[in-house]
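Subject: Handover of a structure and notes on its features

Dear colleague,

Please find below the structure that I am handing over to you. I would be grateful if you would read the notes that come after it with the model open.

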Amino acid sequence: MPAKIGGKLLSFATEVDELTLEQAKATASMPFVHPHVALMPDAHFGKGSSVGTVIPTVDAVIPAAVGVDIGCGMGAIRTRFTADDIAGRDLAALHASLDSAIPMSKGGYNRSYDRFPFTRPRVEALEALADSSNVDPDAHAKNWRLQLGSLGGGNHFIELCIDDRDRVWLFLHSGSRGVGNRIANRHITIAQKLMKRWWIELPNEDLAYLPQGTPEFTQYLRDLAWAQAFALENRSEMMDRFRRAFTHWMGLDPHDDAEGIEVERVLCHHNYTRREEHFGREVWLTRKGAIDAHDGVMGLIPGSMGTRSYVVRGKGNRSGLCSAPHGAGRRYSRHKARQLFTVDDLADRMAGIEYSRARAAKLVDEIPDAYKDVERVIADAADLVEIVAVLRQVLNVKGE
């Protein structure tokens with residue numbers, strides 16, 4: 001059962017620090033919140049509002065609460081292969097193939113969008129969506145087309161996993177890259193300027209909001225929807241490239257056999273806003289570091305590099321606003337993690353897993369110890385989701 005904290009805050013987290021709680025209380029104090037803010041089991045301090053908060057708002061949206069990585073989320077493909085099928089194969093070769101097919105790290109771009117047959121149609125579909133919805137992504141990032149199908153850095157990753165039934169999964173985490181970041185920051189700034197113009201006092205400036213009915217609100221929702229679409233297509237693009245590389249690695253023809261290896265695909269956002277009904281009212285439901293967990297909806301909850309991840313199915317918990325955690329959630333900041341842990345510590349945690357050793361010095365802040373215990377997060381989420389599959393990675397690819 002969630003703990004009620006203050007007037008409009010319910011917490012599903014058994015491990016949460018006071019700074020995160022105070023930030024969540026500030027978000028819940030906003031007058032247009034209805035009926036309450038739900039704090040997820042993986043909650044931790046963030047910009048604007050805590051990561052791992054679900055925020056229902058009436059006639060307003062808080063751009064910084066949505067966050068700067070609009071539409072960030074997960075993707076997974078269950079293949080027809082088992083652990084025995086990949087036993088003894090050269091994981092380093094697959095790692096190198098993924099490094100070649102998918103640009104890594106901040107600022108990583110494709111050289112063109114003609115290398116793969118499925119890339120250009122996605123670019124053209126996003127261009128058409130921008131035209132039809134009066135959005136100009138080129139004004140935010142002219143190179144967005146070349147970023148489609150790129151991973152980025154930070155906590156974004158690609159993994160080859162085996163589940164608790166010995167089935168092989170392709171698994172990844174990514175967002176809306178530079179174009180989503182710039183769209184978000186532009187609208188955060190606009191909201192803050194409006195608050196100053198209208199003499200509206202806030203608990204902190206990152207809770208600046210856009211009221212429904214204003215031109216600024218309308219344009220933000222248009223830009224937001226496009227950025228969410230870009231993030232989804234970015235994940236789908238990388239999943240297709242991953243599937244193609246994996247098919248080749250398995251000794252099959254990637255042109256003819258790639259689609260045939262896929263049994264099931266799950267995709268989900270965890271930084272976004274959309275219109276939903278909760279407790280009798282239409283609200284703008286912002287999931288910042290949280291996933292949709294309506295009854296029967298499939299979702300993905302990753303751990304950290306070196307720990308287990310989960311394929312889940314939503315239970316439609318009303319108190320949790322039909323949401324669930326998006327991952328393990330950070331325990332230490334990146335700066336603190338670099339003070340506490342070393343490359344050797346990372347190597348110990350990644351024993352038996354093929355990972356980006358060449359980038360190890362820049363990945364220490366992603367060590368599993370920097371995150372909460374995903375098993376505890378999943379236990380806290382027992383009323384929100386049911387477990388469908390438990391994944392353990394045998395290969396992890398990350399950008400710097």
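This is a predicted model: local features need pLDDT of at least 70, side-chain atom pairs count only at pLDDT 80 or more; totals for chains, interfaces and linings use all residues.

Residues are numbered from 1 along each chain as its sequence is written, and side-chain values use heavy atoms, with hydrogens and water left out.

**The sheet**

Helices (H or I, at least four residues) and strands (E, at least two) are DSSP runs, numbered from the N terminus. Two strands pair if DSSP finds at least two bridges between them. Six strands, in the order β1-β2-β3-β4-β12-β11, make up an open sheet of mixed pairing. At its edges are β1 (3-4) and β11 (271-278), each of which pairs on one side only.

Strands of a sheet pair through backbone hydrogen bonds, either parallel or antiparallel. The pairing of β1 with β2 (residues 9-11) is antiparallel, over 2 bridges, and here A3 stands opposite S11. The pairing of β2 with β3 is parallel, over 3 bridges, with L10 opposite A38.

A residue is called buried under 20% relative accessible area, exposed over 50%, and partly exposed in between (1.4 Å probe, protein chains only). Strand β3 is largely enclosed by the rest of the structure, because 8 of its 8 residues are buried.

**Helix α1**

Helix α1 spans residues 18-28, and its buried residues are T20, L21, Q23, A24, A26, T27 and A28. These buried residues pack against β2, β3 (37-44) and β4 (51-57); contact here means heavy atoms within 4.5 Å. The N-terminal end of α1 is capped by D17, which has a side-chain oxygen 3.0 Å from the backbone nitrogen of L19.

**Cysteines**

How many disulfides does the model contain? With a disulfide taken as a pair of cysteine sulfur atoms within 2.5 Å, the count is 0. The cysteine sulfur closest to that of C72 belongs to C268 and is 9.9 Å away, which is too far for a bond. C268 is likewise in no disulfide, its nearest cysteine sulfur being that of C72. C72 is buried, at 4% relative accessible area, and C268 is buried as well, at 8%.

**Salt bridges**

A salt bridge is a side-chain nitrogen of Lys or Arg within 4 Å of a carboxyl oxygen of Asp or Glu. The whole structure holds 32 of them. One joins D138 to R145, with N and O 2.9 Å apart; D138 is partly exposed, at 26% relative accessible area, whereas R145 is buried, at 18%. Another joins R357 and E354 at 3.6 Å, N to O, and R357 is partly exposed, at 47%.

D240 and R243 form a further salt bridge, their closest N and O atoms being 3.7 Å apart. Both residues are in helix α8, 3 residues apart, or about one turn of the helix. An α-helix has 3.6 residues a turn, so residues three or four places apart point the same way. D240 and R243 are both buried. They also belong to a network of salt bridges that links R122, E233, E237, D240, R241, R243, E262 and R265.

R244 is located in helix α8 (residues 215-249). Is R244 buried or exposed, and what is the nearest side chain of opposite charge? R244 is buried but has no salt bridge, and that nearest side chain is D253, 7.0 Å away. For charge, Lys and Arg count as positive and Asp and Glu as negative; His and the chain ends are not counted.

The side chain of R244 does make a polar contact of 3.1 Å with that of H255. A polar contact is a pair of N or O atoms within 3.5 Å; within protein, one must be able to donate a hydrogen and the other to accept it, and residues adjacent in sequence count only if both atoms are side-chain atoms. Apart from neighbours within four places in sequence, R244 is in contact with F116, P117, F118, P254, H255 and A258.

R318 is in the loop between β15 (309-314) and β16 (323-325). R318 is exposed, at 52% relative accessible area. Its C-alpha atom is 8.8 Å from that of H294, which is 24 residues away along the chain.

With kind regards
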